[in-house]
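Open the model in your viewer and keep the selection tool ready. We will go stop by stop.

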Amino acid sequence: MPSEESHVFHPHPSVTKNAYVNSMAQYQQMYKKSLENPDEFWGEIAKQFHWETPIDNRNFFRFNFDLTKGPIFTKWMDGATTNVSYNLLDRNVRNGNGDKVAYYWEGNHPDDYSRLTYKKLLEEVCQFANVLKARGVKKGDRVAVYMPMILEAVITLLACARIGAVHSLVFAGFSSDSFAERIYDCEARVIVTADGVWRGEKLLQLKTICDQAMAKCSKDGHNVETCIVVSHLERVTAPKSGVPHKQTNKTPMIPGRDVWWQEVVPQASTSCYPEWMQAEDPLFMLYTSGSTGKPKGVVHTTGGYMIYAATTFKYVFDYKPNDVYWCTADIGWITGHSYVVYGPLANGATSVLFEGTPFYPENDRFWTVVDKYKVTQFYTAPTAIRTLMKFDDHLVTKHDLSSLRVLASVGEPINPEAWLWYYKLVGHQRCSIADTFWQTETGGHVLTTLPGVHPMKPGAAGFPFFGVEPVLLDENGKVIKGEGEGYLVFARPWPGLMRTLYGNHDRYELTYFSKFPGYYCTGDGAKRDADGYLWVTGRVDDMLNVSGHLMSTAEVESVLTEHHGVAEAAVVAKPHPVKGECLYCFITLTETGKFDDKLLQELKTHIRGRIGPFAQPEVIQNAPALPKTRSGKIMRRILRKIAVNDRDVGDISTLADSSVVEQLFASRPANA
Ligand code: WT7
């Protein structure tokens, strides 16, 4: 490794100068207070929000993380009532920010853009909330959302929050099967979507996917009663190479069930009294992959999530009132929830909402947009950085990026090479980089450096955010002090931690709290260096992280074995230069199965259809036998070695038949 990669980079004085937190001493003092006196630390923050029923200070924070002492629970500000949409919209309008821009919307095509002020956003949220109410949506009901990056997506979420409905977004890149499974699991009777969206030069027919999902649900006995569809395609510019709009606008609508957004929303009243929610009432749920079985519906609650998303946004991005912030994440992921919608709006921020891709119309779209809106904070994923750094530097340098002050990264560990490119080329060695470690479950950032405080080490996540107490444990649950490597766990909840898994608290306790009593287990490994920096080393369970999309090996394996030609499948993660990791699949054929191009094509199509395009396997290897222990357990450790052609496989004495290993090395496919 070049010595540069072990360098420490100090925040630039221009970043430190006006930062909310600008010295190590200040960070330490605030951090100490957040742990020693969480009631006071978070209480002062909570005071900046509106509570309809005031917070009872005697009942500010309670939790149990130890299964041996009873059920797991976390409660913050229990008994107080509030409304998140009221705090994000009405409160900002009342504070004199009604005419401030909440979002600059930048379409897929550069000719398409618009803006929305706080005042207008509030009106539109109220209108849509009234539409939902008229359709019978009540407090506690789930609303499934399958939408592109358009303003109506934000409006939908906040309209749900306004009336106490629980939104359940599904990333509009998931297949109809995946969407159906999620609609079914959360028993949503209302769906909100759009007719379609252009992503680069590709057209996604979202309503068609919803139709397939709804059909699948009714076969399983669950009927969706209302599907509200934003008519989006006819108001945007299609790419030159795209199919003319007339041919694409064949969205079939089922009378009674399907309604156009544009036909119902403009008629609705622009005021809607907020539903006052308990601090511990659910705000939304969001599915994430589990290492076994079906996806987990992570539940976030009202009060704690709101103040945590707000506080992490403020400090981690060092957001100031005149800044323009841009997070490129899709709204369908937790990053989109916390850092495109809830965190920024809670701070009265101005954000960019971007519909397109980094590659359209040219590979410099990100930098064009940064320049266009004079973006001050830019938040993206390592996989995007690695893709963009392969293009000519000129694509970056020809744009004026001098407005940038804070850069951030999320989704997977960022490799030092990508970090340095980001730092030098995009940030001109002037911007601080926050490598934010967190999870769908954590609700907001839990490990990061703060832009005005911490010297940065490329690849290190850094330090705990306020209120977060990370611990490293060894296999036996013994705490590792000082330098060392182990399981990354947390000893107590911060306000934004999920409270349960939808409809399955047992699975919540089992997944996150059973391995090490007293701790929330992230499923990631981490090491602590001599300076106290935490470096996240990756998953310790059977999960894959492909371009920041987390999925389980079990999920992909079960889809592969659905094919009549496949008897058994084992999937492992293989490092990939751009995606971070990719899928390497081993399949054992059935007697009738034939390993040929047709099969490979069918398997790939099947995975796209059942999970989504991001789950497409990179390599599929024919494995007449898999390396198994005498008790029949597949030794994935060995498969991971075969995937990277590393013959240093270690101890294979527990295998039932060790000759399998050599066979698999010898038969690695040409594209592996
Ligand atoms: C998993 C969570 C949080 C939003 C995006 C993904 C990995 C995430 C980092 C980082 C190292 C990271 C972990 C984690 N991860 N950010 N900065 N450094 N690893 O949310 O889909 O719930 O995935 O992503 O493995 O457990 P998610």
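Select the shell around the ligand: by class, 7 of its residues are nonpolar, 6 polar and 5 charged. Nonpolar here means Ala, Val, Leu, Ile, Met, Phe, Trp, Tyr, Cys and Pro; charged means Asp, Glu, Lys and Arg; the others, Gly among them, are polar. This is a predicted model: local features need pLDDT of at least 70, side-chain atom pairs count only at pLDDT 80 or more, and totals for chains, interfaces and linings use all residues. Residues are numbered from 1 along each chain as its sequence is written, and side-chain values use heavy atoms, with hydrogens and water left out.

Which residues come nearest to the ligand? Of the 18 around it, they are Asp435, Thr436, Thr440, Asp524 and Arg539. A residue is near if one of its heavy atoms lies within 4 Å.

Next, show polar contacts, which are pairs of N or O atoms within 3.5 Å. Pick Asp524: an N or O atom in its side chain is 2.4 Å from an oxygen atom of the ligand. Now pick Thr436, where a backbone N or O atom lies 2.8 Å from a ligand nitrogen. At Gly411, a backbone N or O atom is 3.1 Å from a nitrogen atom of the ligand. Taken alone, the ligand exposes 560 Å², and the protein buries 95% of that. These areas come from the Shrake-Rupley method with a 1.4 Å probe. Colour H12, strand S20 (432-436) and strand S27 (534-539): these elements give two or more residues each to the shell. Helices (H or I, at least four residues) and strands (E, at least two) are DSSP runs, numbered from the N terminus.

Move to strand S17, residues 350-354. Is S17 buried or exposed? 5 of its 5 residues are buried, so S17 is largely enclosed by the rest of the structure. Buried means under 20% relative accessible area (1.4 Å probe, protein chains only). Thr350, Val352 and Phe354 point one way, Ser351 and Leu353 the other.

Two strands pair if DSSP finds at least two bridges between them. Strand S4 (101-106) pairs with S17 in the parallel sense over 4 bridges; Glu106 has Phe354 as its bridge partner. Strand S16 (324-327) is also parallel to S17, over 3 bridges. There, Trp326 is partnered by Val352. Follow the chain from S16 through helix H12 (334-346) to S17: this β-α-β crossover is right-handed. With the strands pointing away from you, that path runs clockwise.

Definitions and conventions. Buried means under 20% relative accessible area, exposed over 50%, partly exposed in between (1.4 Å probe, protein chains only). A polar contact is a pair of N or O atoms within 3.5 Å; within protein, one must be able to donate a hydrogen and the other to accept it, and residues adjacent in sequence count only if both atoms are side-chain atoms.
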